[in-house]
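Hello,

Here is the structure I said I would pass on. My notes follow below it.

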Amino acid sequence: MVNNFKFFVAKTLGNLSFPILKVLPTGGKSFPGLVYLNIAGKEALGDLSNHQIDDGSILITGTNGKTTTTTMIIKILSNDYKLATSVGNNTIYSLATGLLHDKGQMGVFEYGIRDIVHGTPDLICNQIQPIGVVYTNISREHTQVAGVKNPFKDYVKAKTLLSESMHDGILITNADDPNTTFIGLNKEKDNHVIYYGLELEDYEDIFVEEDVLCPNCNNNLEYTTHYFNQRGIYHCGCGFKRPEPDVKLIRLLQENNKYYITIDVDAYNYRKKNNIQYTLEMELPVVGIHNLYNCLATIATYTAFTDKENVKDNVINFFENYEFVIPPGRFEIIKIGGKTIGVGQGDNGDALKVNSLLMKNYVDDELEFIYTTPDVNEEEIFEDHCLSIKGLNPDKLVVMPGRVSTEISEEYYNQIKDQFNSEYCPVEFDFEKRINKVLELIKNSEYKNIIISGCGEEIIFWDELKKKIRELNL
């Protein structure tokens, strides 16, 4: 806690800095929070939270789906409460900026974490003292941070710490993901835990999966059903197993570009101090299995924190009016000059698999894959990427560097080149040169269907690439 004068000065100067955002580049979105915390100190985040939020905050984290899930949670809860929010940016400064920008009954904040040192998840949890933490999934990503190897167990630990000191709140977590389930099981003693997941008898992941280690004993898990990457129905000889979901998708039928779904809900409510039960019958656009998980997380969170009586009707009304982006997420399909081009960031195994599945919906002929590789110390990401590439089975594979090192990129290429009709395109670490090379490959390609995905330095690279592709004269 800081003294009142210091807090007043820090908060005032932080608020006065908002007009500067109009002239700062994208990276300046967190500037007001930076001003506040530099003056008051990071330990004063709690003072700001207590001053701006009446009833408590919800934090959303995970490897994939954070932004989509946070956006939906904000939209549905804003029908019931005035909210302070932060979405898209994933730092303590963006969180502070969200708190400075609005006072609210509740706070809803996306919080992505790469590692403990840079993400300081334990500090965030202690300062914000959330009443809810939502986990989407945890899979291999950010296997190096700031040039330092970041082992997967440390990455999981960083995510775990975001809810470590939460007491008497609600943890909402993916039952189908063993890593998020393990976090939930360890929080049941001092928090309510809501599990969400799939309960489908006739759905199976089309990709070949690697072994998944039990987070409790480190032996291989046994799966009776694979839904998506490590997500499925699993158990281990040590007794660890997938729990029964409280919010579960029990029917999924796809017809005429529509999903027809049934969801059973029996979840604890923070306000009423008891469970709310209902069954949803809904239609959704075909948004992909990964986005259905985001919908389940949103439904679970709304059920847990609304104070309204007509919860079922509110959920149905929300999804009837919610405008999904098709294709969802950061992957886009661009049709130009007789070519169908799928392009977007896929910097972990889940993301590239999602992009591959979406591309399959548009492929009616031979396919070329322009794959941008991970960096040094990101071998695990490459291994996960290989599963997606093999599953998509392109007729032509072009490999080029996606991050800093061209040397490691060529090593990755040598590991996969003999499995495909392939070629390697070394391009130094320069955004413009790499974008121009991709454009050249598209122009010279003999294929009508091209997917461009993998790793890239920040989303700005992919946004600029999409813009340039749309401007192509083919």
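Which residues form a nonpolar patch on the surface? The model is a predicted one, and in it the patch is made up of Val404, Phe429, Phe431 and Ile460. Together they have about 350 Å² of accessible area.

To place one of them, look at Val404, which sits in the loop that runs between strand E17 (396-401) and helix H14 (406-416). Val404 has a relative accessible area of 44%, so it counts as partly exposed.

Arg403 belongs to the loop between E17 and H14 as well. Is Arg403 buried or exposed? Its relative accessible area is 11%, and because the cut-off for buried is under 20%, Arg403 is buried. The side chain of Arg403 makes a polar contact of 2.9 Å with the side chain of Glu378. It also reaches the backbone oxygen of Gly456, at 3.3 Å. Beyond its neighbours within four places in sequence, Arg403 is in contact with several residues, including Asp347, Thr373, Arg434 and Cys455. Phe429, also among these contacts of Arg403, is one of the patch residues.

The other part I looked at is strand E1 (residues 53-61). Seven of its nine residues are buried, so E1 is largely enclosed by the rest of the structure. E1 pairs in the parallel sense with strand E3 (residues 104-110) over six bridges, and with strand E4 (residues 132-135), also in the parallel sense, over four bridges. Leu59 can be followed in both pairings: Phe109 stands opposite Leu59 in E3, while Val133 is the bridge partner of Leu59 in E4.

Regards

Key. Residues are numbered from 1 along each chain as its sequence is written. This is a predicted model: local features need pLDDT of at least 70, side-chain atom pairs count only at pLDDT 80 or more; totals for chains, interfaces and linings use all residues. Side-chain values use heavy atoms; hydrogens and water are left out. Patches are made of residues with over 30% relative accessible area and no salt bridge: like charges are joined within 9 Å, nonpolar side chains (Val, Leu, Ile, Met, Phe, Trp, Tyr) within 5 Å. Accessible areas come from the Shrake-Rupley method with a 1.4 Å probe; for residues, only the protein chains shown count as cover. A salt bridge is a side-chain nitrogen of Lys or Arg within 4 Å of a carboxyl oxygen of Asp or Glu. Helices (H or I, at least four residues) and strands (E, at least two) are DSSP runs, numbered from the N terminus. Buried means under 20% relative accessible area, exposed over 50%, partly exposed in between (1.4 Å probe, protein chains only). A polar contact is a pair of N or O atoms within 3.5 Å; within protein, one must be able to donate a hydrogen and the other to accept it, and residues adjacent in sequence count only if both atoms are side-chain atoms. Contact means heavy atoms within 4.5 Å. Two strands pair if DSSP finds at least two bridges between them.
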